[in-house]
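Good morning, everyone. Please have a look at the model on the screen, and then I will walk you through one residue and its surroundings.

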Amino acid sequence: PLASYRVADFKALEAEYPAIIVDVRDPIEVAATSLPGTLNMHVSTVIEWADSIPEGEVWVHCASGLRGLVASSLLQRQGRDVVAVVGDLGRHLGG
């Protein structure tokens with residue numbers, strides 16, 4: 001069946017600053033820059049580690065949006081309420 005989820009940008013994430021933010025970038029990328037309070041799990045491990053994500057709405061991001069969209073789809077398919085964050089993280093952080 002067809003499904004959908006909310007999509008937002010980094011300005012919306014900053015304005016709402018949700019309780020659960022999952023960063024699906026590579027750990028090397030996360031070590032260079034990251035948003036405070038985020039959970040990091042590479043997009044390739046989202047299904048494996050989905051149970052470790054606290055209950056509630058989950059905002060998912062990567063550097064540009066592609067991996068975040070994939071991870072959001074995987075989590076949404078598991079019944080999670082997700083918001084996919086798209087945009088340029090580096091530009092958002094001033095880089």
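**Arg80 and its surroundings**

The side chain of Arg80 comes to 2.4 Å from the backbone oxygen of Pro54, and it also reaches the backbone oxygen of Ile53, at 3.3 Å. Before I go on, this is a predicted model, in which local features need pLDDT of at least 70 and side-chain atom pairs count only at pLDDT 80 or more, while totals for chains, interfaces and linings use all residues. Residues are numbered from 1 along each chain as its sequence is written, and side-chain values use heavy atoms, with hydrogens and water left out.

Where does Arg80 lie? Arg80 is found in the loop between helix 4 (66–77) and strand 5 (82–86), where helices (H or I, at least four residues) and strands (E, at least two) are DSSP runs, numbered from the N terminus.

Arg80 is buried, yet it has no salt bridge, and the nearest side chain of opposite charge, that of Glu55, is 4.8 Å away. Buried here means under 20% relative accessible area, with a 1.4 Å probe and protein chains only, and a salt bridge needs a side-chain nitrogen of Lys or Arg within 4 Å of a carboxyl oxygen of Asp or Glu. For charge, Lys and Arg count as positive and Asp and Glu as negative, with His and the chain ends not counted.

Turning to the whole chain, there are five helices and five strands, and from the N terminus on they run β-α-β-α-β-α-β-α-β-α. Of its 95 residues, 38% count as buried.

Conventions
Buried < 20%, exposed > 50% of the residue type's maximum accessible area, 1.4 Å probe, protein only. Polar contact = N/O pair within 3.5 Å; in protein donor to acceptor, adjacent residues only side chain to side chain.
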